[in-house]
Amino acid sequence: MSSAAVSIMVLILAIVISNARKINVGIVAMVSAMILSLVYGLKFSQVLDGVNITLIVRMFLVQFLVVIACENGTMQYAARKVQLLCRGRAIQIFPIVLYALMLLAELVGFNLYSMFIPILAAVAYALQMDMLAVGMIGVMTMLAGCFSPYSVPGIMFYGYVTDAGLSFNRWNLLVLCLISYTVLFIVLYFYYGWHKASIQYASEQEKSTMTAAIFFTLLGYACVVGLNLIFHLDMGITSGVAALLLCLFGFADAERAAKGIPYAVLVMIAGMTALIGVIETLGGIDLLSSFI
């Protein structure tokens with residue numbers, strides 16, 4: 001059996017083992033990558049070359065700012081404000097507005113979903129809405145706009161297609177995704193009963209006032225988004241700077257925030273990208289592409 005076929009089988013086995021034994025798939029994938037490297041004589045450096053360090057560092061820095069916002073009450077404050085705005089029947093248009101704004105951000109290339117996940121969760125809790133359902137709004141906007149010529153996935157995809165020498169209309173796939181996932185959103189809108197939702201009152205916590213920590217955290221978020229929007233600065237760098245400044249000026253507890261970062265997700269990304277890199281080196285990706 002060829003090394004390419006074996007590598008694909010190892011990938012499938014790693015996923016099965018991680019799900020069956022409830023082990024982080026990143027750990028299983030990294031060990032699998034090491035075993036493949038030993039069997040086929042790859043250097044350790046070749047295994048590490050597959051790890052997407054840029055993505056991991058960016059996610060770490062973004063999540064550091066997100067956890068700070070959760071720890072110092074900023075997320076809860078924002079959620080309560082949304083709760084007030086959505087009193088009565090106004091909540092019925094909240095999912096529509098959220099979908100439209102996040103879709104617009106995706107179309108113009110602002111990858112904000114990773115930063116907004118905790119905000120969506122806090123808002124869903126405050127509005128007594130299904131957190132998974134609210135999170136799905138963000139997922140659908142990503143899928144609907146991911147093939148925009150201005151988004152990162154779209155730029156990468158169209159670059160690969162151009163390198164392959166294929167002729168295509170780059171708007172066709174985008175329009176298809178927009179129609180498909182917008183229709184799906186409409187279906188879910190009625191399925192979850194958002195058209196009949198209402199909030200007659202909010203909790204007593206709505207009277208909480210803005211503290212200096214909350215104000216500067218919101219300002220940090222605004223700067224991160226604004227700098228990415230206007231100057232196209234990397235969101236990881238700006239998030240890291242904002243988080244560091246909040247810690248330096250006493251608006252956040254760096255130690256507590258560091259403990260709240262989802263390291264399991266980072267391990268998953270590191271392990272899977274390492275295994276995929278080894279599979280690509282062994283020809284597994286080419287084999288799978290040819291099969292498809």
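Tyr99, Phe185, Tyr189, Phe190, Tyr191, Tyr192 and Trp194 form one aromatic cluster. I begin there, and I note at once that this is a predicted model. A search of the whole structure finds 10 aromatic pairs. The planes count as stacked because the angle is under 30 degrees.

Are tyrosine 99 and phenylalanine 185 buried or exposed? Tyrosine 99 has a relative accessible area of 6% and is buried. Phenylalanine 185 is buried as well, at 5%.

Please now look at another aromatic pair, phenylalanine 215 with phenylalanine 216. This pair is edge-to-face, at 5.1 Å centre to centre and with 80° between the planes. Phenylalanine 215 is partly exposed, with a relative accessible area of 42%. Phenylalanine 216 is also partly exposed, at 35% relative accessibility.

Helix H11 spans residues 212–231 and includes leucine 219. At 39% relative accessibility, leucine 219 is classed as partly exposed. Its C-alpha atom is separated by 9.0 Å from that of alanine 242, a residue 23 places away along the chain.

I turn next to the salt bridges. How many does the structure hold? There are three.

Let us take arginine 58 and aspartate 234. The closest N and O atoms of this salt bridge are 2.6 Å apart. Arginine 58 sits in helix H4, residues 53–71, while aspartate 234 sits in the loop between H11 and helix H12, which covers 235–248. The two residues are 176 residues apart, and the pair links distant parts of the chain. Arginine 58 is partly exposed at 29% relative accessibility, and aspartate 234 is partly exposed at 28%.

Glutamate 71 lies in helix H4 and arginine 256 in helix H13, residues 254–260. Arginine 256 is partly exposed, at 47% relative accessibility, and glutamate 71 is partly exposed, at 36%.

Then there is the salt bridge between glutamate 255 and lysine 259, with an N to O distance of 3.9 Å. Why does 3.9 Å count as a salt bridge? It counts because the cut-off is within 4 Å. Both residues lie in helix H13, four residues apart, which is about one turn of the helix. Both glutamate 255 and lysine 259 are exposed.

My next topic is the surface. Leu13, Ile17, Ile23, Ile27, Val31, Ile35, Val39, Tyr40 and Val267 form a nonpolar patch there, and together they have about 750 Å² of accessible area. Which elements give two or more residues to the patch? They are helix H1, residues 3–20, and helix H2, residues 25–39. The largest share, four residues, comes from H2.

Isoleucine 17 is one of the patch residues, and it lies in helix H1. With a relative accessibility of 34%, isoleucine 17 is partly exposed.

Helix H2 also contains serine 32. Is serine 32 buried or exposed? At 13% relative accessibility, serine 32 counts as buried. If we leave aside residues up to four places away in sequence, serine 32 touches Val10, Ala14 and Leu275.

I end with the confidence of the prediction. The mean pLDDT of the protein chain is 85, and 91% of its residues reach 70 or more. Where is confidence lowest, and where is it highest? Confidence is lowest in helix H7, residues 113–126, with a mean of 69. Confidence is highest in H2, at 95, the helix that gives the nonpolar patch its largest share.

Definitions and conventions
Residues are numbered from 1 along each chain as its sequence is written. This is a predicted model: local features need pLDDT of at least 70, side-chain atom pairs count only at pLDDT 80 or more; totals for chains, interfaces and linings use all residues. Side-chain values use heavy atoms; hydrogens and water are left out. Rings of Phe, Tyr and Trp (its six-membered ring) pair if their centres lie within 6.5 Å; planes under 30 degrees apart count as stacked, over 60 as edge-to-face and the rest as tilted. Buried means under 20% relative accessible area, exposed over 50%, partly exposed in between (1.4 Å probe, protein chains only). Patches are made of residues with over 30% relative accessible area and no salt bridge: like charges are joined within 9 Å, nonpolar side chains (Val, Leu, Ile, Met, Phe, Trp, Tyr) within 5 Å. Accessible areas come from the Shrake-Rupley method with a 1.4 Å probe; for residues, only the protein chains shown count as cover. A salt bridge is a side-chain nitrogen of Lys or Arg within 4 Å of a carboxyl oxygen of Asp or Glu. Contact means heavy atoms within 4.5 Å. pLDDT is the predictor's confidence in each residue, from 0 to 100.
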